[in-house]
Each structure stands twice: as C-alpha cells, then as structure tokens.
Amino acid sequence: MDWHLLIAAGVKIVVFVFLLTLPLVAMAVWAERRVSAAIQDRVGPNRVGPMGLLQPVADGIKFLLKEDFTPAHVRKTFFWLAPTLVMVPALLTSAVLPFGTKLFGEPMVIADLDVGPLFIFAVASLTVYGIVLAGWSSNSKYPFLGGIRSSSQMISYEISLGLSVVPLIMLYGDLNLGHIVREQAHNGWTLLPLWGEGLSVRGLILAIPMFISFVVFTTAMFAETNRLPFDLPECETELVAGYHTEYSSMKFALFFLGEYAAMIVGSGLCVTLFLGGWSLPFGWLTPADTAVDVPFWQGLIHIGVFFAKVIAFILFFIVIRWTLPRFRYDQLMKLGWIYFFEIAVLNIILTAVLMWLLAPGSAA
Amino acid sequence: MSTTSREIEVKDAAAKAADLDGYQLTTDEIVGEKLVLNVGPSHPATHGVLRLILELDGERITNADVVVGYLHRGDEKIAENMQYNQFVPYTDRLDYLAPLANNVAYALAVEKLMGWELPPRGQAIRTICCEMARISAHLLGIGAYAMDVGAMTVFLYTFTQRETVYNLCEMLTGARFTTSYTRIGGQTRDLPEGFTDALLKFTDELLECLDDVDKLLTRNKIFLDRTRDVGVISKEDAIAWALSGPNLRATGIEHDVRRANPYLDYHRYDFEIPIGTVGDCFDRYLVRMEEMRQSVSILRQVVAGLPDGPINVDDPKQFLPKKEKVLTDMEELIHHFMLVTQGIDAPAGEVYFGAENPKGELGFFIHSKGGGVPYRLKIRSPSFVNLSILPKLLRGEMLSDTVAILGSLDFVMGECDR
C-alpha cells in the first residue's frame with residue numbers, strides 16, 4: 001500500500017467533506033431560510049452574526065443540547081441506525097466527484113474511479129434504507145406512511161435518474177467523471193457545446209438529447225432528495241413530519257442535514273455531468289492534459305468555479321421549493337413511470353440514432 | 001404452507017379511543033389490511049381541533065369519521081345568562097377570522113327582534129365591516145389552503161395583506177383581533193379620521209396581491225392536478241347537506257344571502273355573485289378569489305357613497321347615551337343605569353336572522369320571553385354545517401386529498417364547535 005496515496009486521500013476527505021461540503025450544508029440551510037424569506041416578503045433569520053450567518057451554528061448547538069428522546073415503542077437498533085444511513089451515503093457519493101483540477105500536484109478528487117456514475121447510484125440508493133427503516137422502526141403510523149411513500153418514490157425515480165445519464169455516457173464513452181469533465185472543458189459543456197469540437201453540427205444536434213437528459217435528471221434529482229414538489233415522504237401537512245416524526249435532537253438533525261447533503265452532492269453530480277464541473281467556459285484556464293501541473297492559483301479557481309456552480313444549482317433548488325405546490329402520491333408515481341421513464345428510454349434511443357447518423361466519417 | 005391474513009393494529013391511544021367511540025370498520029369486501037389513521041385533533045392540516053378517523057386502504061380512504069366538539073365552549077348556553085350586549089364579545093370568538101362580520105350578524109339578529117333599523121351611515125359602516133371581514137377570512141382560507149397543498153409562499157403573501165386588515169381593524173375598533181365592534185342598535189364609534197383613505201389604499205394593494213396569487217396558483221399545473229375533480233360536491237348534495245357560502249356557490253347554485261334576502265344596504269351596491277361549475281376544490285378556490293375582488297368593488301362603492309349622519313339608533317331608552325350627557329343630565333344617567341343593569345327591553349318572540357358570512361350563512365335564532373336576556377339563543381354556524389359533508393367527500397379519495405378538501409372547505413373550528 002502506498003502511504004502517500006492514503007495520506008493524500010485522507011487529507012482530501014477532511015478538506016472536501018468536512019471543510020467544504022459540511023459547511024456548505026450549513027450554509028445551504030441558511031440560504032434556504034434567507035432566500036425563502038426574500039421570496040415570501042419576510043426578513044428571515046438575521047440576529048445571530050452578520051446577516052444571520054451564524055444561524056446554522058446556533059441551530060447546531062440547539063440540536064446537540066436537545067434531549068435525545070427515544071420513544072418506548074420503537075425498534076431501537078434500526079431507530080438508531082436510520083439517521084446514519086441517510087447521512088453517510090450522501091457524503092460517500094461525494095468521493096467520486098472531481099471538484100477541481102490539481103492542487104500541490106494532487107488530483108482534486110477523493111477516489112478517481114472508472115465507474116463514477118455507477119458508484120454514485122449504488123451508494124445513493126442506500127439512502128432509501130435509512131428512510132424506510134426510520135419509517136418502519138418508529139412503529140407509528142405517520143412515519144410508516146412516509147416511509148412507504150418514500151421507498152416507492154425513490155426507487156421509481158432512481159430508474160429515471162440512471163437512464164437519463166445513459167445518453168451522456170454513450171456520448172462520452174467513459175464512466176470516469178474526471179474524464180467526462182475534462183472532455184467538457186476542452187470541447188464544450190454537455191449543455192453548452194460552443195467551443196472546441198463541440199462547436200459543430202454534430203455537437204449542437206447532440207445537445208438536444210442532452211438537454212432532455214438534463215431535465216429528466218434534474219427532476220429525478222428533486223425526487224431523490226425529497227425536495228418539494230416531491231417532498232411526499234415528509235409532507236408536512238398530512239403526515240406531520242413523515243418518516244422523522246418520532247425523531248428528536250441530533251438524530252433529527254442528521255435527517256435534516258442528510259437531505260441538504262444529498263442536495264449538494266446531487267447538484268455536484270449534475271454540474272459535473274452537464275455543466276462542465278470545475279471548468280470555465282470557452283476553455284479558459286484549462287490545462288492541456290492531466291500530466292501538466294496546474295499553478296496553485298488556477299487550482300483554487302477551479303475549485304471555486306465548481307462550488308460556485310453547485311451553489312447556483314442549490315439556489316435553483318430553493319427557489320423551486322418555495323414556488324411550487326406539492327404533487328399527490330399517485331400523480332408523482334404516474335409522472336415518474338409514465339412520463340420520465342418513457343422519456344428517458346426514448347432519449348437513449350434518440351441519442352443512439354443521432355450518434356449513428358452523425359458518426360464522424362459516416363455518409364450522413 | 002397456508003397463509004392467512006390478519007389485522008395488524010398498533011394500539012396507540014388514538015386507536016383505543018376510536019374503539020371506545022364504538023367506531024366500526026364498515027365495509028363489505030375484504031381488501032387486505034386496513035389502517036385506521038387518527039388525524040388530529042392536533043394536526044397541521046386540520047386548522048384547529050378537528051379530528052378525523054380515517055380508514056385507509058393503502059393511500060385510499062375507505063371510510064372517514066369526523067369528530068367535532070374539541071373547542072366547544074357552550075356559547076349558546078352562555079348567551080342565556082347575559083344581556084344581549086354582553087354577548088357581543090363571544091361572537092368575536094365564533095369565526096375568529098371574521099369577528100367584525102360576526103358582530104354585525106349578531107347585532108342585526110337582535111335588532112330584528114327589536115324591530116330597529118340603523119341610520120344609513122351606520123349601515124354603510126357595517127357593510128364595510130362585513131366586507132373587510134370577508135376579505136380577511138378568504139385571504140387566510142386561500143393561504144392556508146395553498147399551504148396545505150404545499151405552496152408555502154402564497155400563505156405569506158396573503159398574510160401580509162391580512163396584517164393590513166388588522167391595522168384597519170385596529171383603527172376602527174381599537175382591537176386587532178377580537179373587535180367587539182357592534183352594539184345592539186349601533187356601533188361603539190364612528191369611522192376614525194383617515195380610515196376611508198387607508199381602506200382604499202388597502203384595496204389597491206389587495207388586488208395586486210390577488211394577481212400574485214393568481215400567477216402562483218390559478219394556472220399552476222401541480223395545483224390544478226391537486227384540486228381539479230377532487231372533492232366534487234354536486235348541486236343536489238350541496239342542497240341536501242344545507243351547505244352555504246362559497247362551498248355552495250362553487251357547485252353552481254347562485255345563492256347569496258346578500259342578494260337573496262338583502263340586509264344592511266347591500267341592495268344599493270352593484271356586485272356579482274361568482275359561482276362555480278363543477279363543485280370541486282378548484283372551483284371553491286376560484287369562487288373565493290373572485291369574492292374578494294367583488295368585496296373590493298363593494299368597499300369602493302360604499303366609500304364613494306358614504307352617507308353622513310348618525311351611526312346609532314336614536315333612542316336613549318334603548319341605546320347607551322353619550323358619556324358626557326350621562327355625566328351632565330339626570331335623564332341620561334337614569335337611562336344609562338337602566339341599560340347597564342337591566343339591558344335592553346326586548347319584546348317576547350322568536351326571530352331568526354341569517355347573514356352571509358365569509359364561511360356561509362351565519363344565523364342567530366333568538367327566543368325571547370321579554371327582558372334583557374334571551375331565553376334561548378341558537379347559532380347556525382356555517383362551518384359546522386359545511387363540515388357535515390366531509391365524510392362523504394373523503395370516502396374514496398387519496399390521503400393527500402384530505403388536506404386539499406379540508407383546505408377548500410375552509411372551516412373554522414371556533415365557529416363549528418361554538
């Protein structure tokens with residue numbers, strides 16, 4: 001075992017997960033409250049720290065100090081296991097996201113796997129166990145209904161989610177997220193093929209199925225992260241708080257933060273797949289290939305660009321949440337199975353046909 | 001291996017209570033295991049303390065039982081033990097979203113018993129009260145309804161406008177919530193200075209807010225999906241269950257007490273009665289939205305043609321004389337003393353008066369045996385009557401529809417349980 005690799009990975013985990021993603025989770029909660037307040041003509045939290053920026057810290061302290069109450073009628077093991085099963089996969093998936101180019105000669109990705117999307121879908125689907133277990137082990141009716149809803153919802157939308165990425169993988173012919181991003185940096189983002197090889201008839205036509213993929217992927221992402229308009233599992237008005245009704249203190253906070261962590265990682269994945277990851281448009285400041293060492297400041301800029309895109313995406317999540325009503329359960333399933341599933345499958349066929357017709361060197 | 005199905009029942013406190021109530025599963029066919037879900041009396045969607053016992057087959061409701069009475073305070077019995085004027089504050093607490101309209105309805109009922117008619121200015125002021133109350137109640141109704149189906153922003157938009165209504169109430173009555181504005185035979189005070197200007201300014205802002213709500217909801221696909229063809233009430237059912245107010249008009253029946261049996265000076269104003277076509281949740285939403293616009297139109301007409309003159313009946317033996325006169329005149333002092341200790345001298349008889357309140361027809365039936373205290377006072381509360389159709393509406397719908405239906409029926413438990 002190469003100690004150097006292990007230490008580098010450890011440092012990257014600490015920096016990316018604990019120093020960047022988790023604070024971003026806290027900031028997302030703050031942003032959610034401030035942006036929703038702005039949308040709703042309110043002020044929002046503004047007492048703790050400048051502009052209420054320390055509000056997440058105060059919330060965290062409050063959660064830690066609350067009584068961690070476990071009702072007598074719950075299945076204790078699973079009741080305790082569930083919150084971690086929500087939080088951990090969300091953070092685990094961040095391992096394969098390339099969040100920058102290089103810093104100190106180290107590639108800015110925790111695990112440079114060649115099966116990035118597969119790993120993400122495999123791990124992210126574990127989240128559903130957390131929610132189902134929470135609903136079931138609470139041994140109470142509202143969490144039970146929330147758990148049932150969410151298991152069917154997440155499993156259904158995972159299919160659309162996975163299928164919507166297939167055209168993209170066909171286009172890039174690669175499952176390594178790092179390679180996909182580098183390809184986009186040089187030849188135009190998936191949704192914006194306006195430079196490099198992307199700026200061609202083929203590239204522009206293939207952007208159409210990519211855009212369909214993007215829409216399906218984003219919508220499925222909303223459903224996967226249980227955000228409004230798909231927040232049926234915890235749908236406040238009918239199921240009280242859904243699967244986490246019986247939870248309190250830090251266990252509740254883990255559910256709460258897990259949702260935001262999933263949202264951030266989802267945004268990160270979307271940015272990586274469709275919006276060029278860490279790259280700036282038109283190939284600005286893009287290193288020629290992996291072997292080239294990147295100056296320190298450029299490395300920082302790439303990380304900054306990645307997080308700027310993620311934050312923009314999170315803001316989109318938030319604005320949607322505070323604008324739309326919520327679907328009904330059967331409508332949600334109908335939408336998932338009748339529309340998104342079909343669209344995703346047809347999109348794969350469309351991409352295949354287009355790629356065959358427009359293959360470099362073919363007569364068409 | 002043979003399999004058998006069995007009832008799984010989690011014996012929580014609510015289920016035990018349901019057993020005690022003699023609640024029975026009533027269905028002929030066996031559809032697998034049913035879940036008895038207790039909703040309320042303390043639940044975010046029940047708008048107060050309504051309790052529903054739902055029997056669920058998956059997400060579908062196979063049976064619903066509505067339990068009311070958690071907010072029962074015995075208002076009707078209380079009324080028998082106090083003078084007519086002393087009961088006014090209790091009417092604030094019926095439909096606490098529209099206390100002004102309740103005050104007016106009660107005062108009008110007692111005045112009908114007395115055979116009094118208010119001077120034109122007093123009537124115009126009461127019309128302002130009623131329409132302000134209607135706007136306030138509908139704003140909350142629509143806001144809470146939207147929040148129930150998940151659109152949380154609408155709730156805050158409408159609440160901002162309600163805040164202005166409360167400011168107006170404060171100007172008019174001195175209280176923001178429990179107004180107790182009317183007395184038998186008049187009002188506590190005349191319109192304050194600057195009130196009409198503030199009112200007109202509010203109507204402008206309200207119309208803007210309603211346009212915003214329109215943009216957020218009326219053509220929103222998700223909202224349409226959630227409310228269209230959900231909780232449909234037919235015309236026949238609406239009449240059979242004696243519905244009133246927007247819930248009745250949404251079914252397509254054009255019945256509005258303000259038009260059918262005009263009181264105050266409603267006959268002077270030009271307004272339309274919005275009616276629905278289907279009678280579903282969406283129609284009820286549309287009717288309420290349009291009623292607010294009509295209320296704005298009425299308010300503007302009232303302000304434009306606001307008559308001058310006295311606001312109270314001019315009978316010192318029946319209506320409290322002015323304070324300065326009480327302190328300077330022997331005659332007035334005696335009237336004051338008699339009115340405060342004995343109350344108004346009502347004739348014997350029975351009278352019913354129904355007013356078009358935001359939730360429907362709020363009626364007061366008064367049985368008087370003479371003197372200052374009613375022998376029996378019955379309140380016909382529209383929320384109570386409108387809720388009676390709930391079990392029929394809920395049966396066969398999805399669990400999520402419960403909140404849409406509850407929100408669209410727009411009831412207030414304070415009035416329902418009285």
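The open sheet in chain B has 3 strands in the order β6-β7-β8, paired antiparallel. Strands here are DSSP runs of E of at least two residues, helices are runs of H or I of at least four, and both are numbered from the N terminus. Two strands pair if DSSP finds at least two bridges between them. β6 and β8 of chain B are the edge strands with a single partner each, so one side of each has no neighbour in the sheet. On average, neighbouring strands are turned by 5° against each other, direction ignored.

This is a predicted model: local features need pLDDT of at least 70, side-chain atom pairs count only at pLDDT 80 or more, and totals for chains, interfaces and linings use all residues. Residues are numbered from 1 along each chain as its sequence is written, and chains are lettered from A and ligands numbered from 1 in the order in which they are written.

Now the pairs. β6(B), residues 346-357, and β7(B), residues 360-371, share 11 bridges, and 2 residues lie between them in a hairpin. G349(B) has S368(B) as its bridge partner.

Axes are lines fitted to C-alpha atoms, for helices over the stretch in contact, with angles from 0 to 180 degrees between N-to-C directions.
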